[in-house]
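Visitor: Could you walk me through the salt bridges of this model?
Guide: Gladly, let us have a look together.

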Amino acid sequence: MTGPLQDITVVDLSRALAGPHAAMMLGDMGARVIKVESPGTGDDTRGWGPPFVGPEDDPISTYFLAANRNKESITLDLKSDDGRDVLTRLVQRSDVLIENFRPGVLDRLGFTVERLHELNPRLVILAISGFGHDGPQGGRAGYDQIAQGEAGLMSVTGPSADEPTRIGVPIGDLLAGMYGAYGVVSALHERNTTGTGRVVRTSLLAAVVGAHAFQGTAYTVAGQVGHAQGNHHPALSPYGLFHCQDGDVQVACGSESLWVKLAEGFDIDPRTPGLGTNRERVAHPDLVRSTLNTAFATWQLDDLLPRLAELGIPSGEVRTIDRVYDWDQTRSQGLVLDVDHPVLGSIEIPGPPIRFDDNAFAGGRESHLAPPTLGQHNDSVRAWLAEEDTA
């Protein structure tokens, strides 16, 4: 193992996405992550698809592959004596435990917070729920689609206020995983001083509300309720999607000086009534869009983007997913990994979004593990526990 968390062992009891994403982030940084799965079925996402790849009689979900790199898999029936015994020994030898059961489930299995800290006072516990572990709706089941709606995100996403729209990735799950990993690392740092672990809690609700940014303060401070405005920013203009002869271009003018450069570069008078200041432009979105769409109408995208770059205007095209992963810039950042899967062989998977300046590798480790098959490490993990028991 290499990386800043190479001395950390994580027991990952979570399934689906929020908890597994948090565990994967810790694994990317070098932690040893042991994923505990139910015998026979495993993580829920092993059955989510299409697409599936691999043998027809035992297909592999690409959804599962997205959230489980750099992990080992062991199957345990936590309702059995053997399963509880192995989990007990794992807890005693680990630094972090991650779970996203509905509140109370782990307690009923005999692993209350108090019991876990009796077994290992230094254990950091990450608990991720749908809407929080307490409060009037604590314990309510949470899924990303529901959380995106309940936490207000869908109301500010989409073409208009009449068409609330979910974001095209499970952003509530992903944010909860990121916040959870951030909390875990903070608690591990604190443990260096206190000598004891603590419980870190987050939820899909908390994660989405935590990402409201300016939409949150617009309401809490100014009393304004945000609403969906399509592909254009509610407080900056021009900042959004415009059309040229053969496609779409995104333009982001974050300052008045950029607006002047953009306008003058395309023979637009920047002082035109309704366009003179950012406040005016935000108040006249149709005028801004028609003005720039007209200015761009005769331009091919391949010519327009260089022209905008020449003017110093932040801009870009709208890429499909395949063109993102085939892009040399994406690959230069270590965002595509080559790993050896025990069934699929050599495959490419998305890589971690963090690099350190002392190496060219993605994440904090020099090599990455493919997402495991179900129970792939049953024997090796049990052998390691036996060695630890003997020692």
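The questions below concern salt bridges in this predicted model.

Visitor: How many salt bridges does the structure hold?
Guide: Happy to start with the total. Some of these contacts join into a network, such as the one that links Asp 12, Lys 35, Asp 43 and Lys 71. Over the structure, the number of salt bridges is 21.

Visitor: Arg 281 forms a salt bridge with Glu 256; how many residues apart are they?
Guide: The closest N and O atoms of Arg 281 and Glu 256 are 3.2 Å apart. Arg 281 belongs to helix 11 (residues 278-283) and Glu 256 to helix 10 (residues 256-265), so the pair links distant parts of the chain. Their separation is 25 residues.

Visitor: Which helix holds both Glu 310 and Arg 307?
Guide: These two form a salt bridge, with 3.4 Å between the closest N and O atoms of Glu 310 and Arg 307. Glu 310 is exposed at 61% relative accessible area, while Arg 307 is partly exposed at 22%. They sit three residues apart, about one turn of the helix, in helix 13 (residues 301-311).

Visitor: What is the N to O distance between Glu 317 and Arg 323?
Guide: Glu 317 is partly exposed at 25% relative accessibility, and Arg 323 is partly exposed too, at 37%. Their side chains meet in a salt bridge with an N to O distance of 2.6 Å.

Conventions: Residues numbered from 1 in each chain as written. Predicted model: local features only at pLDDT ≥ 70, side-chain atom pairs only at ≥ 80, totals over all residues. Heavy atoms only, no water. Salt bridge = Lys/Arg side-chain N within 4 Å of Asp/Glu carboxyl O. Helix = DSSP H or I, 4+ residues; strand = E, 2+ residues; numbered from the N terminus. Buried < 20%, exposed > 50% of the residue type's maximum accessible area, 1.4 Å probe, protein only.
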